[in-house]
Amino acid sequence: MSIVLHGYWRSSASYRVRIALNLKRLCYEQVTHDLRRGEHGGALYRAIAANGLVPAIEVEGQPLTQSPAILEWLEESYPTPPLLPHDPMQRALVRSMALIIACDIHPLNNLRVLKALRSEFAASEQAVQAWVGRWMGEGFAALERLVGEHGKGFCFADSPTIADCCLIPQIYNARRFAIDLSAYPALVAIDERCKTIDAFVRAAPEVQPDADGAAS
Ligand SMILES: N[C@@H](CCC(=O)N[C@@H](CS)C(=O)NCC(=O)O)C(=O)O
């Protein structure tokens, strides 16, 4: 099965998919779209990704966007190792943790939203920083509580799930924005644990082929 991942090294939504592909031990080709240069908005990429955002994958030429949908497709197509528990309520709990990040935090702090705050609403860098911190703080507080209730080393129980695939990139984003993580010790502990797991290490932004270390 040929899988092409369209992404960008610093894109946290692409990072989610890289982690899951690695956990599933799948080979994939990466095509980069430099978000700083607006390459994701061009007609060529829009022909693949109607929403003009990364990531998208192409599976045998069939495009698929939205990282949560991609993670679900991976789980259904490659069930081993599982990234969702077996029990329906437990599966829903894991999804709800993943969606705190993918629905409640990330869309509010996305590049195009921050750009609009600056250019259309005259927000200062200080205001943008406060905005990012506000939504990340609310989401992380909820997750910290849920991990306390359900986690045993990872977001849910004792092995990585799609919630961890979403959490680790969001912590990476938080550090980029210098968000104070001291109120979320359970989340930071998961991040530390994942730094010892090859699938997470190989998915990290700084080791991607398109990583250039520049600010975006
Ligand atoms: N809901 C989408 C979000 C995708 C998304 O927002 N990707 C970001 C990078 S992490 C992007 O392409 N941003 C470009 C922009 O905002 O202009 C997903 O989970 O795949």
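Guide: A residue is called buried under 20% relative accessible area, exposed over 50% and partly exposed in between, using a 1.4 Å probe and protein chains only. This is a predicted model, where local features need pLDDT of at least 70 and side-chain atom pairs count only at pLDDT 80 or more, while totals for chains, interfaces and linings use all residues. Residues are numbered from 1 along each chain as its sequence is written, and side-chain values use heavy atoms, with hydrogens and water left out.

Visitor: Is alanine 178 buried or exposed?
Guide: Alanine 178 sits in the loop between H7 and helix H8 (185–194); helices (H or I, at least four residues) and strands (E, at least two) are DSSP runs numbered from the N terminus. Its phi is near 55°, a positive value in a residue other than glycine. Because its relative accessible area is 65%, alanine 178 is exposed.

Visitor: Which residues does threonine 161 touch, not counting those up to four places away in sequence?
Guide: Threonine 161 lies in the loop between helix H6 (125–150) and helix H7 (162–176). With 4% relative accessibility, threonine 161 counts as buried. Taking contact as heavy atoms within 4.5 Å, and leaving out residues up to four places away in sequence, its partners are Leu83, Val94 and Phe156.

Visitor: What is omega for the cis peptide bond between threonine 80 and proline 81?
Guide: Proline 81 belongs to the loop between helix H3 (67–77) and helix H4 (88–105). For the cis bond that joins threonine 80 to proline 81, omega is about -10°.
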